[in-house]
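Dear colleague,

Please find the structure below, handed over for your use. A summary of the findings follows it.

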Amino acid sequence: MCESPSGAEPPWHLFGPVVGLSLFGSSTTATVLASLIPIGFILLNVDPALGSGPIATALQNAISIAIDFLFALALL
């Protein structure tokens, strides 16, 4: 087994919930962003295809990583 320097056992029973919750949060956030970014571009009178490509992907990736780390920080 893998032990920390202090000798305490890592909380193995929490890895599943952390992964599940972060996957759920990331998927939900990505879906909402993918819907709202083109709508925002329409309101700004800009071509919505610009917002559904690289801008949406970059925002979704950054927010997904933040959600993953926040769930891990909060639960582990």
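Findings

Not counting residues up to four places away in sequence, Ser22 is in contact with Ile67, Asp68 and Phe71, where contact means heavy atoms within 4.5 Å. The model is a predicted one, in which local features need pLDDT of at least 70 and side-chain atom pairs count only at pLDDT 80 or more, while totals for chains, interfaces and linings use all residues. Residues are numbered from 1 along each chain as its sequence is written, and side-chain values use heavy atoms, with hydrogens and water left out.

Ser22 belongs to helix α1, residues 15-43. Helices here are DSSP runs (H or I, at least four residues), as are strands (E, at least two), numbered from the N terminus. Ser22 counts as buried because its relative accessibility is 8%; buried means under 20% relative accessible area, exposed over 50%, and partly exposed in between, with a 1.4 Å probe and protein chains only.

The two helices

Helix α2 spans residues 48-75, and its axis comes within 8 Å of that of α1, the two crossing at roughly 155°. Therefore α1 is roughly antiparallel to α2. Axes are lines fitted to C-alpha atoms, for helices over the stretch in contact, and the angles run from 0 to 180 degrees between N-to-C directions. Angles under 35 degrees count as roughly parallel, over 145 as roughly antiparallel, 65 to 115 as roughly perpendicular and the rest as oblique. The α1 and α2 crossing is right-handed, a term for the near helix being turned clockwise from the far one by less than a right angle, with anticlockwise giving left-handed. By class, 19 nonpolar, eight polar and one charged residues make up the contact of α1 with α2. Nonpolar covers Ala, Val, Leu, Ile, Met, Phe, Trp, Tyr, Cys and Pro; charged covers Asp, Glu, Lys and Arg; polar covers the others, Gly among them.

Gln60 lies in helix α2 and is buried, at 18% relative accessible area. Beyond its neighbours within four places in sequence, Gln60 is in contact with Ala30, Leu33 and Ala34. Val32, in helix α1, is partly exposed at 42% relative accessibility.

The aromatic pair

There is one aromatic pair in the structure. Trp12 and Phe15 form this edge-to-face pair, at 5.1 Å centre to centre and with 90° between the planes. Rings of Phe, Tyr and Trp (its six-membered ring) pair if their centres lie within 6.5 Å; planes under 30 degrees apart count as stacked, over 60 as edge-to-face and the rest as tilted. Trp12 is partly exposed at 39% relative accessible area, and Phe15 is partly exposed at 30%.

The loop and the end of α2

Asn45 sits in the loop between α1 and α2 and, at 74% relative accessibility, is exposed. Its phi is near 60°, a positive value in a residue other than glycine. Most residues other than glycine have a negative phi.

Leu76 is in the segment after α2 and is partly exposed, with 45% relative accessibility. Residues up to four places away in sequence aside, Leu76 touches Pro11, Leu14, Phe15, Val18 and Phe71. The C-alpha atoms of Leu76 and Ile39 are separated by 37 Å, these residues being 37 residues apart along the chain.

With kind regards
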